[in-house]
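Have a look at the model, and then we'll talk it through.

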Amino acid sequence: MLATGAHITKEKDLNAHIEGFVAQLKRRQIQGSYNVALATAQLLLRVVSAARWTHIDQLVTQIKILGKRLQGAQPRELACGNIIRRVLALIREESEDTNGSESGDGVANSPLITSMFSLLSTNDEYGANRLSQSLMDGTGKSIKKDLKPYIIEGIQELIDELRNIDESIASMGVEMIHENETILTPTPNSKTVLKFLLRTAQKRKFTVLVVEVFPNDVEKTHEFALKLAEAGIETTVITDAMVYSIMGRVGKVVLGTHAVLANGGLLASAGAAMICQCANVHRTPVVVCTGLYKLSPMYPFDVESLIEVGDTGKVLAFEDGSLVDKVNVVNPLYDYVPPESVDLCITNMGGYSPSFMYRLVLDHYRQEDATL
Amino acid sequence: MMPDSSAKASTAPPATAAPKAQQQKARDKNSGEALEGKAQRKAEKAARRAAAVSERGKSNKPPAEAGQVREKSQARQGKEKSSGGSITSAGGGGSTSGVGNITAGSAISSLATQGTAIHGSDILDKRVGLFKHLEITRRSGTADAAKDIHPAILSLTLQFASYTVIGSSARCRATLGAFQAVIKDYRTPAGTTLSRNLTNHLSRQIDFLKTARPLSITMGNAIRWLKQEISVVSIDISDDQARESLIEKIETYIREKIEVADRVIVQSAVKQISKGDVILTFSRSAVVEQVFLEANLRGIEFSVVVVDTRPFFEGKEMVRRLSNAGLRCEYVLISGLSYVLNDITSVFLGAHAVLSNGQLYSRVGTALVAMSAKRKNIPVIVCCESIKFSNRVQLDSVTFNELGSPDDLMNISIDSAPKPGPLKNWRDLPNLKLLNILYDLTPPEYIKKIVTEVGSLPPSSVPVIIREYNSA
């Protein structure tokens, strides 16, 4: 009795935690891909620890339902969905690994469609069928108990990976930047880029041109510039409009991004698209620094729906209130950068060309989880 | 050195009789002021030279050099005026008594507070390396103006410095208007003719105007034309007649080169606008605004997207006028350019100048707009009067540009109330610099056509027009 009582209160705590997290997401109290990703991973850790299941696909379904709720709370924060899909892929992988030898045909690990029948069936059935099939191979209950610690270990590894991303990316800086180089950064609101530049500055002397992303991130941008200058890097702040005029003197463009899409395209801060185009015209290399948690299996079929629009009060002030009635004011927060504009993506797992990103998507996510 | 010879000629009699010299001085205000102006300029030059030398760190030389230079200038002045008496001092700077021992520092500080191109060391250090060949002009008041600067020029200078009068055509028109006032009040000093002396008088006014902001190409062309007109003024007609004819010629010039030219451009460009168009424009161009207003008047249904940038936010004025006329407008800052570009059918841009190698010299950000439009195969049309054509050639935006005040970047407000951001103490950090350039260069391949009053032409045909019509 006591045991069940404790279980019930634990569940209540967990539910409260989930509700709290969803509310925080809705109210934008957790902002930024990194914070959301970390919080989601930690929540999933708790959920998996507290969950009970008889078949592994019950766990999968539970997490999918939870994931749908979380994603609905902040739909354009793709990092949340990414982490959920990572965990789901992890779970499937663990279960398949345990049963892989028994299911025999080796198809289980590959998400590729291998038979005409599976082409005609829906994803859910396909996934559910495979999993329950593999579990039905006699060893039933004992498997599910064995998996839990592995899954939890897997999630813990994911959290550690998240925490060390900036470290791994920053260490690649010295291979990218030479002495006396001029770097332009169009997304100074990125902590990854900041750490990248600061670490590289310990071994190289270079100049950084910081584009203020006016009006949405201008304060963060100016603080970024302050931090660089305090670390001894020659820093110059320029406005978004000046980029074309000085691009001829720039050696590399280094930017961070909000999300990376399956085709290798980026969802970055407003203004990044035109700056990357400008770099292409001048044949200046464009380098993106991003953690793998930002890689989303989504394909940009409808780019405009992905771009969030922000506070128009930042564009036209109260003083110009009379204008607001007559004029349609737009303040996009993000920009879509096509994969052709980007030369290199540096992730915590190394550097890749944007045309290779689809492979990383295949490695880390399962097709069955593409829609939660 | 025209002014020297003329001034010397006027006071040639080796000034034995002081009262005579003073009488002459009372009569010929211009020449007296000319002398004062010259003395002042010499003193300023000496101070500047001393400052520049001391900056380079040559320890013992500056005071001696400054002293020597001042001695020389004083000696020359002594020849022209009998009384070794005090020449009115250089704008409140160092005194000129004896072997001037003005310290470079005090000269700089006096210059710095009142205006002229700053050579002070702290400003120099804070300029971005790439742009060190350009100067930052700054002016807050006109207390240091010489006595012969006309009040119309004084107020115009302040209007330029505060960016109240902004825009290539507007500045040209305002300058010519001020020149009309100057010419009206001009009286030729004895011993010289209007055609010779007025040019120099105007040059001094122009030099003062330059201390607020460098001259625009339109102003340069207009001034060259005006000086040409002055030099061919016949000696036979009276001064009154000459002045009147000059004032009228200026009036005609403004009308022809700006007003009528704008009307012709509007007629031609309006044909490029059809029903259902969504037209993008950048910042504010007076001509482009007129094109839109005319199209609206003709009942063509179209909408306009105005892309704006800081620190001037000129686009707000554009969007205000267009929406007041009933046009459907959208307003976005330049970081949102890619977002709005999907629906655009054509782009209309204004110009500060069009250079002889076909490059468009215009408000910074124009190049980005033109490039983005070209990549999406959206036609870019530039509307520009022929007065904006220049003989200059330039390959990039760095070799020649205008530097604005870096503190405009420190201020992160979007309206008239300044709001200092996190960078308010940027000057304390030696590694941190703010760059504020005003213009950029758009390559001719991004421009579909340039609409001028002499016709529509591709950017490569600009030197042909300059040669054929001698407009520059």
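Predicted model: local features only at pLDDT ≥ 70, side-chain atom pairs only at ≥ 80, totals over all residues.

Author: Residues are numbered from 1 along each chain as written, chains are lettered from A and ligands numbered from 1 in the order written, and side-chain values use heavy atoms, leaving out hydrogens and water.

Reader: Is strand E1 (residues 277-282) of chain B mostly covered or mostly open, and how many of its residues are buried?

Author: Strands here are DSSP runs (E, at least two residues; helices are H or I, at least four), numbered from the N terminus. Buried means under 20% relative accessible area with a 1.4 Å probe, protein chains only (exposed is over 50%, partly exposed in between). By that cut-off E1(B) is mostly covered, with the buried count at 5 of 6.

Reader: Which residue in E2(B) stands opposite B:Thr281?

Author: Strands pair if DSSP finds at least two bridges between them. E1(B) and E2(B) (residues 302-308) run parallel over 6 bridges. Opposite B:Thr281 stands B:Val306.

Reader: How much area is buried between chain A and chain B?

Author: Buried area is the accessible area (1.4 Å probe) that two parts lose on being put together, summed over both. Carbon and sulfur atoms give 64% of the total, which is about 4,900 Å².

Reader: Which residue of chain B meets A:Glu219 in a salt bridge?

Author: A salt bridge needs a Lys or Arg side-chain nitrogen within 4 Å of an Asp or Glu carboxyl oxygen. The rule finds 4 across this interface. At 3.9 Å, N to O, the partner of A:Glu219 is B:Lys419.
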